[in-house]
Amino acid sequence: MSIPTLKWSGNKLKLIDQTKLPLVFAHIYCSDIFSVWRAIRGLKIRGAPAIGIAAGFGVYLGIRNSSHTSYASFKKDLDKTLSYLATARPTAINLFWALERMRVLVEENCNKGI
């Protein structure tokens, strides 16, 4: 049986609090960009791939409620979200890889529709 380190559950990011292991098995639920940032910064998430995945979810949580009607104004929120998450763990290569990947995906898809 495998236990996922993190997954999307009920509009939130559910992740194992790795600072509690091995004595306690506990989950953290991140429903906004700030809780994802704290989880990454506080070493609740460990391992390069998990940090990158959490960052991708963090980007979504940071922009999901945007009400902008133009791409130019939406991009300001996107850039702010990416910059904020980048400060969580400045030396984490996968964090920056994931943030760049999310930037490209958002730009490729939203530039068409907004």
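A: Helices (H or I, at least four residues) and strands (E, at least two) are DSSP runs, numbered from the N terminus, and the expected span of a helix is 1.5 Å times one less than its number of residues. This is a predicted model, where local features need pLDDT of at least 70, side-chain atom pairs count only at pLDDT 80 or more, and totals for chains, interfaces and linings use all residues. Residues are numbered from 1 along each chain as its sequence is written, and side-chain values use heavy atoms, leaving out hydrogens and water.

Q: What span does helix α2 reach from its first C-alpha to its last?

A: Helix α2 (residues 48–63) has 16 residues and reaches 23 Å, close to the expected 22 Å.

Q: Where is confidence lowest, and where is it highest?

A: pLDDT is the predictor's confidence in each residue, from 0 to 100. The lowest mean, 85, is in helix α4 (residues 93–113), and the highest, 97, is in helix α1 (residues 33–41).

Q: Which residues are buried in α3?

A: Buried means under 20% relative accessible area, exposed over 50%, partly exposed in between (1.4 Å probe, protein chains only). In α3, Tyr 71, Phe 74, Leu 78, Thr 81, Leu 82, Leu 85 and Ala 86 are buried. Down the axis of α3, these buried residues fall within an arc of 130 degrees (taken from the directions from the helix axis to the C-beta atoms), so they line one face. On the other side of α3, Ala 72, Lys 76 and Lys 80 are exposed.

Q: Is Met 1 buried or exposed?

A: Met 1 is exposed, at 98% relative accessible area, and lies in the segment before β1 (6–9).
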